[in-house]
Every structure is written in structure tokens, then in C-alpha cells.
Amino acid sequence: MRLLRWGQPGAEKPGLIDGEGIIRDLSPWLSDFGADELDPASLDELAKRDPTVLAAVAPGTRLGACVPGSGKIVCVGLNYADHAREAGMDLPAEPVLFMKGCRPSGPEDTIALPPEHSRVDWEIELAVVIGREALCVSEADAPSHLAGYATFIDMSERSFQLERGGQWVKGKSFPGFAPIGPWLVTADEIDDPAALALWLEVNGERVQSSSTREMVFGIAALVSYISRFMPLYPGDVIATGTPPGVGMGFSPPRWLKAGDEVKAGIDGLGEQRHRCVEWAAS
Ligand code: ZN
């Protein structure tokens, strides 16, 4: 299934895409994708029902983040060998983990550039969405804790991340720095998450193009590893790292400015598209 959330920011309702490609309003069946709804057993039950009895959502309706914003976002750094080289960093012996402090945003929402920004950068990533609580799970057991997968862009302000002291979190957390979507594709629909092409374009120029095959630590290994340090709850998102081609890796480096368009996608998971704007107090 392709699950999504539609409607205005803060008032999104759940939906799914039926076999004809029509978005159906799931709200008569469930209020949102909470812990009960994301459990793999619940998703299996949902898949058995006929969505064509549900109302169609008008084409062009805004899509929100495909997961509610209540969970945490755990990111994996330097998880593609080529990207680690590009960033001038050694390949990690264990996964590098950091967190983002913002909520996921929608697949076509604008990306606000924070005040004092000078080095805003892009990173296409495969996101894993947790469906069942995981703590100290084995690699073999990890897949049974997943709801599914989505595209994700790990946005960064590199000067905040690398030059302002302390942890990377400062450069990773401005609102809009975690756009996800357009859909949560349930795990049963992806035969091999380690064989998905992923790409990102800036103003129509393809700057990132790789495969999840290049990941240093795979999905099951990451879920198991992270769960040894912290509980993973339903709705939590794990961003699994980015391949080469980020702005920081160009010579001279490239940074996003207002008016730029970032477009990205992953095989079978759809595309997201964002316009960059200067942040303004609302
Ligand atoms: Zn990243």
C-alpha cells in the first residue's frame, strides 16, 4: 500500500492510493497513522479491505508528511562509502547517529532557509518508518518492526552543523529540514530495500545518483544497532544516509538560495519537490 496524509498543515487526514491511482480518504476507518495503525499486523488487515468504497480526494490536494510529526527522526551519517570520502571523513567502524529536532514536512512544501544561513545543503535518503516498538532487537527480527519506506531529504545548514560547536543537531533541525514523502510504501511492497536507485536534482541538474546498494550498514543492521541504544517507537523515522553529490562535496561548494528548486526520488517510493524561500516570521 501507498499511505499518505492530505489536507492543510496541522489538519491532515489519512489516505491511501487505490489500485487505479486515486487517493482515497481513509478518515472514516482511522483517525491517523498512530501506533496501532502502523503495526504491521494492522497494515496487513487494512490491505485486505476494499478502499474503493471510500471517497476520492480531489486531485491537487496538498499532501502533508506521510507520518504524523509525533515521532523522532534518527539519522545515520556517512553511511555511503563514496559520500564519506567526499566529506573527507573516515568510514565509520560503527554507524554514526544524530537526531533532527524538527518535524517531517510534506513532499511539496517550501523549504525555508533559516536566518543567518550561508551553507544550506541537500541529502536524498531512504527513510525507514517504524511500525512496532523496537528495543534491543536482533538483525533477524528487525524487519518485523518496520511499517515501510519513504523518500526523505536530510537538509543541513553546514556552518551551523560544523562550525558552531557541539553536535550536528544545530544544522539539521530548522522547520522544513526534514521533508518526507509523498507516500509511506508498506514494507511488503519493496522486495529489496538494498537495491533502490535514488537521485536528487537542483534546478533540473542531477547532482546525486546512486543506489541503496552502496550503503555501508543495511536496513536491518541499522534498526538493530539503533535499538541497542534507544527505543524505536511506531512513527519514528530513520534516515539512512546519503550518497555522494551533496553541495559540500563540489569544488567550489554549492549552497541553496531562495528560488532554487530541489527535486528527488527513489525507485518505487515516488518523488518530492521543494522550492527554497527565505524564512520570514509569521
Ligand atoms: Zn544525512
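Reply: Let's start with α5, whose buried residues are Ile219, Ala221, Leu222, Val223, Ser224, Tyr225 and Ile226. That is seven of the eight residues in the helix (219-226), so α5 is mostly covered. Buried here means under 20% relative accessible area, exposed means over 50%, and partly exposed is in between (1.4 Å probe, protein chains only). Helices (H or I, at least four residues) and strands (E, at least two) are DSSP runs, numbered from the N terminus.

Some ground rules: this is a predicted model, where local features need pLDDT of at least 70 and side-chain atom pairs count only at pLDDT 80 or more, while totals for chains, interfaces and linings use all residues. Residues are numbered from 1 along each chain as its sequence is written, and side-chain values use heavy atoms, with hydrogens and water left out.

What does α5 pack against? Its buried residues sit against β4 (73-77), β5 (96-100), β8, β9 and β14 (237-239), with contact meaning heavy atoms within 4.5 Å.

The zinc ion is coordinated by Glu123 (OE), Glu125 (OE) and Asp154 (OD), at 1.9 to 2.1 Å. Donors are N, O and S atoms within 2.8 Å of the metal (3.2 Å for Na, K and Ca), and water is not among the atoms, so sites may look incomplete. The spacing of the donor residues in sequence is E-x1-E-x28-D. Glutamate 123 is in the loop between β7 (120-121) and β8 (124-130), while aspartate 154 is in the loop between β9 (146-153) and β10 (156-157), so the pair links distant parts of the chain, 31 residues apart. Both glutamate 123 and aspartate 154 are buried.

Leucine 200 touches this region too: beyond its neighbours within four places in sequence, its contacts include Trp122, Glu123, Ile124 and Ile153. Leu200 is also one of the residues, with Leu3 and Ile180, that touch the most other members of the largest nonpolar core, a set of 75 residues. Such a core is made of buried Ala, Val, Leu, Ile, Met, Phe, Trp, Tyr and Cys residues joined through side-chain atoms within 4.5 Å.

Now to β4, another of the strands that α5 packs against. Leucine 78 lies in the loop between β4 and α3; phi there is near 55°, a positive value in a residue other than glycine, and leucine 78 is buried at 9% relative accessible area. Cysteine 75 is fully covered, at 0%. Its sulfur is 8.6 Å from the closest cysteine sulfur, in cysteine 102, too far for a bond. Cysteine 102 counts as buried as well, at 10%. The whole structure has zero disulfides, a disulfide being a pair of cysteine sulfur atoms within 2.5 Å.

Toward β14, the loop between β14 and β15 (261-266) holds proline 252, which is joined to serine 251 by a cis peptide bond with omega about -5°.

Zooming out, the chain has five helices and 16 strands. Its radius of gyration is 18 Å, close to the 19 Å that the globule rule gives for 282 residues, so it is as compact as a globular protein of that length. That radius is taken over C-alpha atoms, and the rule is 2.2 Å times the number of residues to the power 0.38. Of the 282 residues, 54% count as buried.
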